Amino acid sequence: QVQLVESGGGLVQAGGSLRVSCVASASTFSTYGMGWFRQASGKEREFVAAIAWTGGTTYYSDSVKGRFTISRDNAKSTLYLQMNSLKPEDTAVYYCAASRPYLTGRYYLSRSEQYDYWGQGTQVTVSS
């Protein structure tokens with residue numbers, strides 16, 4: 001069982017930056033592919049970014065590519081999402097998720113059904 005706890009959400013003006021974090025309880029954090037998803041009010045949950053368990057490969061949705069950066073610190077069992085040039089349409093609850101061990105590849109890590117564990121979410125609001 002893996003517990004994920006997000007933090008770092010908040011209110012920011014358009015064009016600003018924010019970093020959200022996700023701390024995992026698992027000692028085997030380094031073996032999990034990790035992802036960030038978001039859900040805006042009234043919309044379905046969507047893929048934002050993912051990082052392979054090796055840490056060397058990252059994947060992004062077209063809507064955030066070039067603005068967001070996903071990273072992980074395996075020594076701290078922590079996943080990060082650095083968000084720059086934020087837009088009002090980035091407003092959503094952001095969730096981190098852990099896939100099954102050693103899963104890799106954009107095809108799998110961009111799909112929510114490939115993730116076994118989810119955090120409670122952190123609200124990010126971007127004002128115009």
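Two rings of Phe, Tyr or Trp (its six-membered ring) form a pair if their centres lie within 6.5 Å; planes under 30 degrees apart are stacked, over 60 edge-to-face, and the rest tilted. By this rule there are seven aromatic pairs. Take Y107 and Y108. Their ring centres are 5.1 Å apart and their planes stand at 85°, so this pair is edge-to-face.

The model is predicted: local features need pLDDT of at least 70, side-chain atom pairs count only at pLDDT 80 or more, and totals for chains, interfaces and linings use all residues. Residues are numbered from 1 along each chain as its sequence is written, and side-chain values use heavy atoms, without hydrogens and water.

Accessibility comes next. Buried means under 20% relative accessible area, exposed over 50%, and partly exposed in between (1.4 Å probe, protein chains only). Y107 is exposed, at 53%. Y108 is partly exposed, at 35%.

Ring pairs also link F37, F47, Y115 and W118 into a cluster. R45 meets W118 too: its charged end sits over the W118 ring, 4.5 Å from the centre. The charged end of R45 also sits over the ring of Y95, 4.1 Å from its centre. Here "over" requires NZ of Lys or CZ of Arg within 6 Å of the ring centre and within 35 degrees of the ring normal.

Now the disulfide, a pair of cysteine sulfur atoms within 2.5 Å. The structure holds one. It joins C22 to C96, with S to S at 2.0 Å. C22 lies in strand β3 (residues 18-24) and C96 in strand β9 (residues 92-101), so the bond ties together parts 74 residues apart in sequence. Strands are DSSP runs (E, at least two residues), numbered from the N terminus. The S-S torsion is about 40°, so the disulfide is right-handed. Both C22 and C96 are buried.

Technical notes. Helix = DSSP H or I, 4+ residues; strand = E, 2+ residues; numbered from the N terminus.
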